Amino acid sequence: MWCKETSVAHETKQEQQAAQLAGAFLSQRSEQVAQRWAELPLFRAIFTVARDEAVEACRAVAEALADVAASGRVEDLEAPGFERVRERLARMAAARIRAGQSAGQVANEVASLKRSVLELFASEPLEAAEPERAGVELALVELFATLRLVVMETTLTAGQDVIARQRQQLMEMATPVVQLWDRVVAVPLIGTLDSARSQVVMENLLEAIVAHRAAVAILDITGVPTVDSLVAQHLMKTVAAARLMGAECIVSGVRPAIAQTIVQLGIDLGSVVTRASLADALALALSRLGVSVPATPAVAG
């Protein structure tokens with residue numbers, strides 16, 4: 001048992017020594033490493049104008065990895081040096097994702113960093129025995145395998161951020177506020193109205209009320225497929241918020257099916273002014289403002 005523990009401790013010490021030698025190699029050859037990395041897609045695609053900036057960024061990453069290896073924690077994702085790598089690579093990963101690259105493609109670009117370092121190490125005339133040299137090479141391989149995991153983690157996070165921003169932009173585009181008349185604004189709602197989207201609707205509507213000094217705001221739900229208790233609650237909150245801003249709110253687009261659903265659910269919309277169509281709501285809004293609009297003559301059958 002004692003011999004086994006001694007053997008394990010000896011192997012661990014050898015691995016730490018190999019990792020430290022790998023760190024020393026990266027530290028001493030950081031400039032050569034940086035020059036090689038600056039030509040690779042991961043850095044070249046970001047620093048398209050000034051190559052010096054690419055070399056500086058590559059040197060910073062190489063020095064951070066040297067610190068990780070010197071600490072002997074080449075397989076630890078939480079090693080202090082990797083935090084600096086995350087800071088450097090987060091912006092590049094996000095940029096590659098925005099350019100259409102997948103997390104797997106970015107990870108493959110990171111693999112090319114390892115190949116450059118191993119090629120440089122193979123040409124390095126080290127005064128060391130073959131087993132010791134093999135140990136250093138293994139430490140470098142493990143270091144870059146961990147780096148790949150760090151980059152994939154960072155890339156996935158960046159991808160999630162991009163998706164979240166795109167979702168927010170789509171919600172804002174799907175809930176435009178239009179000015180129908182002087183001091184009359186409307187929000188044509190299309191699709192399902194969930195909590196996140198209802199918040200965007202409320203914010204956009206309140207901003208439009210202030211911007212246009214609106215006295216009447218119309219919520220048109222013609223494009224909303226169904227109205228349940230949750231949707232009705234969101235509408236009530238939006239109406240209440242508009243009233244607090246000094247604007248009367250009218251809900252239009254109440255179709256017969258929606259009216260029946262509201263009655264069957266027992267939802268009380270007695271305090272909300274409703275109209276069957278957007279045209280009826282606009283006519284009511286104009287009458288509230290004292291605007292007289294001539295009626296359109298009926299077309300003879």
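**Overview**

The protein chain has 301 residues, of which 40% count as buried; buried means under 20% relative accessible area, exposed over 50% and partly exposed in between, with a 1.4 Å probe and protein chains only. This is a predicted model, in which local features need pLDDT of at least 70 and side-chain atom pairs count only at pLDDT 80 or more, while totals for chains, interfaces and linings use all residues. Residues are numbered from 1 along each chain as its sequence is written, and side-chain values use heavy atoms, with hydrogens and water left out.

**Composition and contacts**

- Eleven helices and five strands make up the list of elements in the protein chain; helices (H or I, at least four residues) and strands (E, at least two) are DSSP runs numbered from the N terminus.
- Of the contacts between residues at least 6 apart in sequence, 72% join residues at least 24 apart, where contact means heavy atoms within 4.5 Å.

**The sheet**

- Five strands form an open sheet in the order S1-S2-S3-S4-S5, with mixed pairing; two strands pair if DSSP finds at least two bridges between them.
- The edges are strand S1 (178-181) and strand S5 (273-275), each with a single partner strand, so one side of each has no neighbour in the sheet.
- On average, neighbouring strands of this sheet are turned by 30 degrees against each other, direction ignored; the axes are lines fitted to C-alpha atoms, for helices over the stretch in contact, and angles run from 0 to 180 degrees between N-to-C directions.
- S1 and strand S2 (residues 184-190) run antiparallel and are joined by three bridges. Val-178 has Ala-186 of S2 as its bridge partner, and Gln-179 has Val-185 of S2.
- The hairpin of S1 and S2 has two residues between the strands, and Arg-183 takes a positive phi near 70 degrees there.
- On pairing with strand S3 (residues 216-223), S2 is parallel, over six bridges; Val-187 has Leu-219 of S3 as its bridge partner.
- Five of the seven residues of S2 are buried, which leaves this strand mostly covered.

**Helix H2**

- Ser-30 lies in helix H2 (residues 30-37) and is buried, with a relative accessible area of 9%. Leaving aside neighbours within four places in sequence, Ser-30 is in contact with Arg-59, Ala-62 and Glu-63.
- Val-33 also lies in helix H2 and counts as buried at 2% relative accessibility. Not counting residues up to four places away in sequence, Val-33 touches Ala-62, Val-117 and Leu-120.
- The C-alpha atoms of Val-33 and Val-61 are 9.8 Å apart in space, and the two residues are 28 apart in sequence.

**The largest pocket**

- The largest pocket holds about 380 Å³ of space. A pocket is an open set of points, on a 1 Å grid over the protein atoms alone, where a 1.4 Å probe fits, with protein on both sides within 12 Å along at least five of seven lines; lining residues have an atom within 4 Å of a point. Grid points are joined across faces, edges and corners, and the volume is the space filled by probe spheres set on the points.
- Of its 20 lining residues, Gln-14, Glu-15, Gln-16, Ala-18 and Ala-19 are the closest to the centre of the largest pocket.
- Helix H1 (2-28) and helix H7 (130-174) are the elements that give two or more residues to this lining. H1 supplies the largest share, eight residues.
- By class, the lining has eight nonpolar, six polar and six charged residues. Ala, Val, Leu, Ile, Met, Phe, Trp, Tyr, Cys and Pro count as nonpolar, Asp, Glu, Lys and Arg as charged, and the others, Gly among them, as polar.
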